[in-house]
Amino acid sequence: MKKISGNPYLKVDKKKIFVDFVDLDKLLNLYPTPFMIFIENRIRDNIRTFNRVFNDIFENFEGYYSIKANFLPSICNIIQEEKVGAEIISLPELELCLTMGFKPNQIIIGGPYLPNNLIKTSIHNSLKEIIVYDLKDIERIDLIAKDFDIIQNICLRINSNKYDSKLGIEITYESANHLKKILEKCQNVRISTILSHYGSQMNNINQYLFNLKIILKSLNILKENGINIKNINLGGGFPEATVMPEHQLKLIARELKKEIDINQLEYEKIIFEPGRYFVGDAGVFIAEIIKTTEKRWIFLNLGNHICPKFARCSLRFYNISQIDSPHKYKTSIAGIIPSEQDVLAKGYFLTEKIKEGNHILINNVGAYCLTFSSRFPYLLPHILLVKNDEFEEIFNPKENRDFSLN
Ligand SMILES: Cc1ncc(COP(=O)(O)O)c(C=O)c1O
C-alpha cells in the first residue's frame, strides 16, 4: 500500500484510504467535516523511536513530553502509558497530569509565570523540579520551600541567545555572581538542572549544536562562580517524525554526544522535552472544499481558527477524493474565517480538478493546533482516536463543548 506523506499509518489501497486499519470512508459517513483524527500507534512509535535513539547514544537520557503541544486527556494518557515524563507550565496541566497517572517525580513544572499558588502546589506534590526563567523567582521558591521544610530542586532556564530572545536568564559573570549571592542566602533551593530550548521545527543540526554551546558556555561561567549543575536539559524543537526520520534524529544525537565528549562535559542526566515530535504527525484533519475560484483558490470548511499558522505545523494537503490523480497543479488554499488573512497555503500542489465537495486531508496537525486554536464562533470539530482497526470519538463539540483546561 502507498503511504501518504511518508506516514506508515496513512495508506492508500486501490483508491481507498486507511488511517491505521480504519477505512476513512467509514468515518466520512459517520462524522461531518471538518473532523480530526489522532493515530494512537503513531504516537507510541514516535515515542519509542525517540527513546531508542537517545538511549542508544546517551547513558543517562530522560524524556519529558511538553504537554502544551497537545493536552487532550486521551493523548496524554497514551504518553503516560509509554512511561514518558511531563514538562508543564501551569496548574491546570498539573491537575491533568496527576489525574492521568503521571508520577510527581516524572513531572517538571515552570515557565515565565510562577504564581505563588503554583509554587506551593508543586512543592506540596513533590514534583521533580521547578523551572525558573527569572532569578527573582528563586527567592520566592526558597521562602515557600522553607515553610514546607524541604530543599527544592530548581532548573535554570537560560536564554538561548537566539536573535533577540527574551526568554530565560542570560548567564554572564555578573548574573552568575548575583545567582551565587542568592544561593548563599537561599538554603532551601538547589540548582539541579540547566535548560536551554532553542526553538521550534529545528531541521538543521547546527541549531542543536548552538543550543548545546550556550549551555556549555553558561556552565563554565557558573562553575567559575562556584555553582555546579549536574543535569543538562536541551529542551524540544524537533520537527514532526515524518519530517525528521530516525537516521536524522540519530545524527543529531551523535553530533551532540561528540560535542559533549570533546568538551569533556560531565553530567548526571541529559534531558529532552519533545512535544511536536511525539504527536505532530499523529494528527490529521479531514476537511471539505466549499468553494473554488478561477484563479485556483480553494476554500476549505476549516481555517486558521483551528489550524493556526502560529502552530507552525508542516502542513501537507491531499485531495483524497482524487487520491490517484497527480498532485502537481499549483493551488492556493484559504479557510473560512471572513478575513483575507485566513490563508492555509499558497501555491500548493494539488490535483488538476478541484471540485466543491472534494475531501482534503491535512497532515501533521497533531501538535499545537488545538493549543493555539481560537474561540472563533464556528463549531469545533469532532475528534477521533484510531487504533488498529478501531476508533473512538474523544471529543464531541456538542457534548464536550470545549477542550480547554480550566
Ligand atoms: C522549554 C520548552 N521545552 C519544550 C518545548 C517543546 O517544543 P517542541 O514541541 O517544538 O518539541 C517548548 C516549546 O515551546 C519549550 O518552550
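Student: What is the strand order in the open sheet of four strands, and is the pairing parallel or antiparallel?

Tutor: This is a predicted model, in which local features need pLDDT of at least 70, side-chain atom pairs count only at pLDDT 80 or more, and totals for chains, interfaces and linings use all residues. Residues are numbered from 1 along each chain as its sequence is written. Strands here are DSSP runs of E with at least two residues, helices are runs of H or I with at least four, and both are numbered from the N terminus; two strands pair if DSSP finds at least two bridges between them. On that basis the open sheet has antiparallel pairing and the order 1-2-3-4.

Student: Which residue of strand 4 is the bridge partner of Val-19?

Tutor: Strand 3 (residues 16-19) and strand 4 run antiparallel and are joined by two bridges. The partner of Val-19 in strand 4 is Val-22.

Student: Where is Ser-5, and what is its phi?

Tutor: Ser-5 lies in the loop between strand 1 and strand 2. Most residues other than glycine have a negative phi. Ser-5 is not a glycine, yet its phi is positive, at about 60°.

Student: Is the peptide bond from Thr-33 to Pro-34 cis or trans?

Tutor: Pro-34 sits in the loop between helix 1 (24-30) and strand 5. Most peptide bonds are trans. The bond from Thr-33 to Pro-34 has omega near -5° and is cis.

Student: In what order do the eight strands of the barrel close?

Tutor: The pairing in the barrel is parallel, and the twist averages 30° from one strand to the next. As one example, three bridges join strand 7 (residues 85-88) to strand 8 (residues 107-111), with Ala-86 opposite Ile-107. The barrel order is 6-7-8-9-10-11-12-13.

Student: At what angle do helix 8 and helix 9 pack?

Tutor: Axes are lines fitted to C-alpha atoms, for helices over the stretch in contact, and angles run from 0 to 180 degrees between N-to-C directions. The axes of helix 8 (residues 205-224) and helix 9 (residues 246-262) are 10 Å apart. Residues are in contact if their C-beta atoms, placed from the backbone, lie within 7 Å, and those in this contact include Leu-209 and Leu-212 of helix 8 and Leu-251 and Leu-256 of helix 9. The packing angle is about 35°.

Student: How far apart are the C-alpha centres of domain 1 and domain 2?

Tutor: The bounds come from an automatic or database domain assignment, which gives domain 1 (2-41 + 281-400) and domain 2 (42-279). The contact takes 22 residues from domain 1 and 22 residues from domain 2. Their C-alpha centres lie 33 Å apart.

Student: Which residues come nearest to the ligand?

Tutor: A residue counts as near a molecule or strand if its C-beta atom, placed from the backbone, lies within 6 Å of it. There are 15 residues around the ligand. Those that come nearest are Ser-66, His-197, Gly-236, Glu-273 and Gly-275.

Terms used
Contact = placed C-beta atoms within 7 Å.
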